[in-house]
Amino acid sequence: MKKVKTLLFPFLTILLGGFIYVSFRVESLRMFSWFNSISLSEVIIRIRNYTLNYDFLIPDWVKFSLPDGLWLFSFISLILITWKNEINSSNLFWLIGLPIIALLSEIGQSISIVPGTFDWIDIAMYLFGFMLPFIINKKSLIIKL
């Protein structure tokens with residue numbers, strides 16, 4: 001049962017981030033054309049028609065920054081699960097590579113070399129999403145560098 005819970009949590013967090021995107025982000029995002037191409041537009045429209053009534057209740061940081069932390073949390077959690085909570089020189093790249101790319105892309109936005117809007121809250125969510133799996137698993141982490 002513990003293994004099911006361990007695997008379920010990263011998938012639930014990525015689903016929550018996806019739900020936030022589907023519910024509250026602008027329809028000009030590429031993913032909406034993907035939904036259309038796989039005939040999910042009607043389902044997405046129903047979800048958005050329901051959730052947009054609550055848009056004013058949802059803080060901007062939840063709509064625009066929390067999904068960043070959620071996908072990074074999910075990724076790091078799955079990497080730790082894959083390597084049985086062991087951190088070593090052969091998997092270190094996978095643990096820190098994507099978070100570094102995420103942070104660099106946000107910094108790139110601040111100097112206009114990456115499209116998007118720089119936001120300190122995005123950086124905070126990236127850091128939180130990166131660190132939380134290590135905090136949650138601190139008793140079972142095996143570090144062999």
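Q: What do the side chains of K63 and D60 meet in?

A: They meet in a salt bridge, 3.6 Å from N to O, the term standing for a side-chain nitrogen of Lys or Arg within 4 Å of a carboxyl oxygen of Asp or Glu. This is a predicted model, in which local features need pLDDT of at least 70 and side-chain atom pairs count only at pLDDT 80 or more, while totals for chains, interfaces and linings use all residues. Residues are numbered from 1 along each chain as its sequence is written, and side-chain values use heavy atoms, with hydrogens and water left out.

Q: Is K63 buried or exposed?

A: K63 is buried, because its relative accessible area is 7%; buried means under 20%, exposed over 50% and partly exposed in between, with a 1.4 Å probe and protein chains only.

Q: And which residues are linked with K63 in a network?

A: D55, D60 and K63 are linked in a network of salt bridges.

Q: How far apart are the closest N and O atoms of E27 and R48?

A: In that salt bridge they are 3.1 Å apart, and the pair links distant parts of the chain, with E27 in the loop between α1 and α2 and R48 in helix α3, 21 residues apart. Helices here are DSSP runs (H or I, at least four residues), numbered from the N terminus.

Q: Are those two buried or exposed?

A: E27 counts as exposed at 54% relative accessibility, whereas R48 counts as buried at 7%.

Q: What about R46 and E42, where do they lie?

A: Both lie in helix α3, four residues apart, about one turn of the helix, and both are exposed.

Key
Helices (H or I, at least four residues) and strands (E, at least two) are DSSP runs, numbered from the N terminus.
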